[in-house]
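We will go from stop to stop, selecting as we go.

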Amino acid sequence: MTSLLDNLNPEQLAAVTLPPQPALILAGAGSGKTRVLTTRIAWLISTGQTTPHGLLAVTFTNKAAKEMLARLSAMLPINTRGMWIGTFHGLCNRLLRAHYRDAGLPETFQILDSADQLAAIKRLLKALNVDDEKYPPRDLQHFINGNKEAGVRADAADAWDDWTRKKVALYAEYERQCQKEGVVDFAELLLRAYELLTRNEPLRAHYQSRFRHILVDEFQDTNRLQYLWLKLLAGHGGPAPAAVFAVGDDDQSIYAFRGADVGNMRDFEREFAVKSVIRLEQNYRSHGNILDAANAIIANNSRRLGKNLWTEAGAGEPIRLYEALTDMDEARWIVEEIQSLIRDGAARSDIALLYRSNAQSRVLEHQLFSTGIPYRVYGGLRFFERQEIKHALAYLRLIANADDDTAFARVVNFPTRGIGARSLELLADSARTYNTSLYATVPHLAGRPAASLAVFVRLIEDMRQATRDLPLPEVIDHVLEHSGLRAHYRAEREGEERLANLDELLNAGANFISEAEDPTLTGFLAHASLEAGEHQADAGQEAIQLMTVHAAKGLEFDAVFLTGVEEGLFPHENSIQETDGLEEERRLMYVAVTRARKRLYLTLAQSRMLHGQTRYSLKSRFIDEIPPQLIKWLTPRQAAQRYYEPSLEAAHRTPPRASASVARDTGGFRIGQLVRHAKFGEGVIVSAEGSGGDAKLQINFGGSHGMKWLMLGMAKLEAV
DNA sequence: GCTTTTTGACTTTTT
DNA sequence: GTCAAAAAGC
């Protein structure tokens with residue numbers, strides 16, 4: 001079994017073979033993190049320190065969990081089925097299914113994904129006649145999830161003013177509604193599981209004595225509740241705590257905006273009195289220049305746990321930087337460069353185009369498309385999020401759990417069966433008075449609308465009867481046919497693809513029963529909520545890979561083009577106001593840079609179309625944080641050719657507009673021009689108002705000063 | 001009850 | 001500039 005440990009570097013080896021005690025592995029980008037984690041599990045099992053049954057490993061994504069299982073199967077001749085390796089949500093779901101009674105849930109409780117949750121909240125606000133201007137559903141969703149992820153129930157939530165008190169009250173109402181319907185949202189899965197173990201002593205003792213080893217991937221991304229859950233399960237503070245092996249990288253924490261708390265790493269170290277902190281700093285991915293740039297950028301962050309990546313590979317090529325005039329020019333240049341890379345033998349799938357925000361992909365796609373280069377964009381709708389699939393699932397959910405109002409509301413009139421807003425309002429009102437679900441309220445109703453609703457209820461009842469003893473794929477098939485979904489999409493002009501997706505749902509069902517541990521309809525529905533389909537890239541597609549920097553985390557490419565490296569975009573202007581927002585942006589930059597193996601391009605545009613209007617920006621401060629000797633400028637340094645408006649071409653085509661007259665009246669200054677101010681330094685003129693002596697110029701000074709309005713008559717500006 | 005028009009938002013989003 | 005959701009119109 002020593003072969004398991006072959007080819008590990010000293011730090012990796014030390015991590016893998018640590019004695020059973022709390023351990024924190026600071027695994028830098030490309031340092032073999034997954035390898036250490038899986039080898040650790042294999043080592044623990046093969047040396048008899050634990051059994052596959054006695055350990056729990058938790059990840060954030062299904063992809064990571066699957067990969068861990070696959071690698072483990074390849075290392076050890078064991079059946080990984082039944083092992084507690086999965087996502088936080090997947091494991092909590094398993095726990096709650098096994099102990100649904102103790103958790104106070106119906107056997108077939110359903111899981112609301114984010115969209116379902118939002119729909120449920122909207123329905124609640126409507127039922128309670130709450131002004132959704134004052135209490136936007138999205139904000140409320142965020143408020144509820146934020147509290148749940150901090151482990152706070154409505155009855156314990158802080159309320160310091162009327163507005164917040166109202167939100168807490170709505171949170172409480174939402175809890176009641178979910179309980180009534182037998183549904184749980186994502187955060188609830190974790191909170192319920194946590195409360196179950198807190199309150200149920202025998203159950204807690206059982207799992208604590210079972211899982212002697214707990215391994216956590218991407219620990220920097222855990223939220224407060226997940227940390228509490230781990231602490232509880234590990235029996236922290238008890239007589240025989242489990243050995244928690246946490247792997248993470250504080251420098252790659254890019255999900256604080258979703259509640260991830262890097263502070264958990266420090267707390268873990270302190271509260272668990274971690275003696276073994278091991279740093280994996282040798283990088284097996286990138287050439288030296290790329291790592292030097294990444295190290296230099298991240299060094300600007302404070303409160304780091306500290307880490308410096310190094311490599312045995314040479315310095316490699318310089319980082320290439322291209323400054324285009326417009327976003328179109330940027331895209332054009334990138335595509336030309338890609339063509340030349342491909343000519344030199346690069347595989348398309350080894351080239352990635354990364355951007356900070358999704359909106360940036362348009363221009364890039366357009367250019368790739370018109371040049372005829374195959375590309376793939378990641379991050380769109382996932383399979384189980386498609387409308388036709390959600391509709392089909394809603395019928396299935398009603399069969400499994402008729403009280404699921406979200407599912408009811410979704411399909412009660414789809415395909416249309418003459419049940420309109422008015423009937424539904426009536427139904428919702430009586431549901432409130434009887435305190436029953438929409439479905440259960442239908443028999444209480446009288447009058448004309450009741451008839452068509454009764455027909456719908458009858459339809460669901462019939463489907464439930466007819467599918468009672470059928471295997472899952474046939475259940476799905478029956479529902480697709482009898483719900484009228486197939487007929488509806490057959491009649492639709494562009495329903496072809498949707499029909500194909502519905503057929504794909506049959507395949508998904510067939511695959512599910514052949515692989516899953518819980519091959520029931522309820523199991524399938526949970527699977528559909530928890531695993532909406534891959535969002536992340538699959539290797540092997542012969543196409544250029546386009547995605548956000550967030551989506552690129554964990555991936556690597558020979559050549560990476562990081563586009564739109566501009567102040568306001570990256571770092572994003574919205575994040576600069578937030579506490580620690582800039583540091584998170586910097587970590588994001590660090591993630592982006594470390595995706596590249598051999599070649600890294602940074603590109604920016606002096607002007608770009610954003611939200612339907614042209615914006616002018618300066619290069620990102622992050623570019624200035626890279627040592628200049630690592631960078632090769634592919635455009636003349638220092639903006640020798642600043643863009644100005646209107647462009648030369650445009651001037652020929654269109655008569656001078658307002659901006660041109662401003663340009664005339666403002667002492668020769670033009671929009672897009674680079675200027676210097678005695679106090680604020682260099683900036684670009686973004687827009688102008690007024691004329692002559694009263695003219696005001698809006699100037700983006702980037703960096704520390706940002707956007708400023710200056711009176712032309714007062715401010716001493718000089719052209720650069 | 002369904003279709004068309006209008007309004008408004010617009011950073012990232014593992015489950 | 002684009003998309004979806006809300007409001008108005010048929």
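**First stop: the DNA contacts**

Select L530: one of its backbone N or O atoms sits 3.2 Å from a sugar or linking oxygen of DNA strand B, a polar contact being a pair of N or O atoms within 3.5 Å. This is a predicted model, in which local features need pLDDT of at least 70 and side-chain atom pairs count only at pLDDT 80 or more, while totals for chains, interfaces and linings use all residues. Residues are numbered from 1 along each chain as its sequence is written, chains are lettered from A and ligands numbered from 1 in the order written, and side-chain values use heavy atoms, without hydrogens and water.

Next, pick N62, where a polar side-chain atom is 3.0 Å from a phosphate oxygen of DNA strand B. At E578, a polar side-chain atom lies 2.7 Å from a base oxygen of DNA strand B.

How many disulfides does the whole structure hold? A search finds 0, taking a disulfide as a pair of cysteine sulfur atoms within 2.5 Å. The closest cysteine sulfur to that of C92 is in C178, 17 Å away, too far for a bond. C92 is buried, at 0% relative accessibility (buried is under 20% relative accessible area, 1.4 Å probe, protein chains only). C178 is buried with 8%.

Terms used
Buried < 20%, exposed > 50% of the residue type's maximum accessible area, 1.4 Å probe, protein only. Polar contact = N/O pair within 3.5 Å; in protein donor to acceptor, adjacent residues only side chain to side chain.
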